[in-house]
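The paragraphs below lead you through it step by step.

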Amino acid sequence: MELVVTEEQRELRDALRRFFADRSPSAEVRRLMETAEGHDPKMWAQMAEQLGLQGLAIPEEHGGAGFGVRELAVVFEEMGRAVVCAPFLATITAAAALQAGDGGHDLLPGIADGSTIATLAVAEDAGSWDVDAVEARVEGGVLSGTKSFVLDGCLAGLLLVAARDGDEVGLYAVDAGAEGVTRTAVPTLDQTRKLARIEFAGTPARKVGGADAIRHALDVAAVVLAAEQLGGAQRTLDMTVEYAKVRHQFGRPIGSFQAIKHRCADMFVLVESARSAVLNASAAADEAPEELPHAAALAKAYCSDAFFHTAGEAIQLHGGIGFTWEHDAHLYFKRAQGSRQLFGSPDAHRERLAALAGITGAA
């Protein structure tokens, strides 16, 4: 695998940075996070029609551009820098599940053109993202059970639900407006990302894949979320270094003090190590699928901790202003905390990595 950023990916990054700077400044993020929908439909349409982001990694025969997870990682890194409010992570995760499945490819064109917002529902009230822990059931094409922590679950029109038919776990497509679907928004620490609890009671469901499709989608989700965390970590480092240059104490910039230099240097090491983990995991997703479970677990665990640490340091090193709600550091800190738990905590991914490596006693 070549762990390099291509010229095309740099051009994509630059275009996205300009786009999100214009359409998702912090004032707009604060406005959207107070709304029930949590996103701007006009920006969503622009993302699909002008930039082709929703279909970026969907094959051309299904209406997409045919790129891979490496390009998606570029997109998510820039979205993380801007704390973008959009159902993009939910929809991309759902698309990955459909692509890995064998019965729902007809649903991909709607995702690619932006007309369908989709989400993957795996975790239940216990909070586990382990496919083997799924308890929701399907009998005769009818779904019953509950899903928790569903990304954009109140907004999505297409629900892809992990459920058990007998002893076998499968992936089932459900129309969000179908009979027996009850969706409830749940309060979140990170208000920029909406979660829901969804109950299914005698709901028609169509099987579109098996357990392997769900596991693959969760691995892809871990990789792109790690890329988003990288973008957030880089932004918190950048804002902290800039502040250290302009904030003066005792007649000199605080960045000239050795203690501040050391802490910024530690942040830099975390960010660059996170970048390496994301490059490795996204390359594995495209070029070495047998390595993806290991690389995804490593990237999600490391980037979760790196972002959480840099976001916390940003608040600390901004001093009194950093502790006020009006400062953008709080947007990143809360995103870091929420993302840390999504699709599995760092500890859960480390345990999974140990198990994959065959370490005795690993969960």
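Let us begin at a meeting place: 16 residues of domain 2 are in contact with 16 residues of domain 3. What you see is a predicted model. The chain in it is divided into domain 1 (7-113), domain 2 (118-210) and domain 3 (213-357). Between the C-alpha centres of domain 2 and domain 3 there is a distance of 29 Å. Together these two domains bury about 1,400 Å² between them, and 69% of that area is on carbon and sulfur atoms.

A search of the whole structure finds 4 aromatic pairs, and one of them joins Trp129 to Phe343. A pair of aromatic rings is described by the distance of the centres and the angle of the planes. Here the centres are 5.1 Å apart and the planes stand at 65° to each other. Why does this pair count as edge-to-face? The angle is 65°, and edge-to-face pairs are those with planes over 60 degrees apart.

Now follow the two partners back to their places in the chain. Trp129 belongs to the loop between strand S1 (118-121) and strand S2 (137-139), while Phe343 belongs to the loop between helix H10 (329-341) and helix H11 (346-356), so the pair ties together parts that are 214 residues apart in sequence. Are these two residues buried or exposed? Trp129 has a relative accessible area of 13% and is buried. Phe343, with 7% relative accessibility, is buried as well.

Ser128 counts as partly exposed, because its relative accessibility is 30% and buried means under 20%. Leaving aside residues up to four places away in sequence, Ser128 touches Ala123 and Ala133. The C-alpha atoms of Ser128 and Ser345 are separated by 9.6 Å, although these residues are 217 places apart along the chain.

Another ring to look for is that of Phe308. The charged end of Arg340 sits over this ring, 4.7 Å from its centre.

Gln9 has its place in helix H1 (residues 7-23), and with a relative accessible area of 6% Gln9 is buried. Apart from residues up to four places away in sequence, Gln9 touches Val4, Arg70, Glu71 and Val74. Further along, helix H3 (residues 41-49) holds Met47. Met47 is buried too, with a relative accessible area of 0%. Again not counting residues up to four places away in sequence, its contacts are Phe19, Gly52, Leu53, Gln54, Met79 and Phe88. Between the C-alpha atoms of Met47 and Ala173, 126 residues apart along the chain, the separation is 24 Å.

The annotation "domain: Acyl-CoA dehydrogenase/oxidase C-terminal" in the unreviewed entry covers residues 210-355. This span is 79% helix and 3% strand, and its end C-alpha atoms lie 22 Å apart.

Note on methods:
Residues numbered from 1 in each chain as written. Predicted model: local features only at pLDDT ≥ 70, side-chain atom pairs only at ≥ 80, totals over all residues. Heavy atoms only, no water. Phe/Tyr/Trp six-rings, centres within 6.5 Å; stacked < 30°, edge-to-face > 60°. Helix = DSSP H or I, 4+ residues; strand = E, 2+ residues; numbered from the N terminus. Buried < 20%, exposed > 50% of the residue type's maximum accessible area, 1.4 Å probe, protein only. Lys NZ or Arg CZ within 6 Å of the ring centre and 35° of its normal. UniProt positions renumbered as here; feature names shortened; annotations may be inferred. Domains from an automatic or database assignment. Contact = heavy atoms within 4.5 Å. Buried area = accessible area lost by both parts, 1.4 Å probe.
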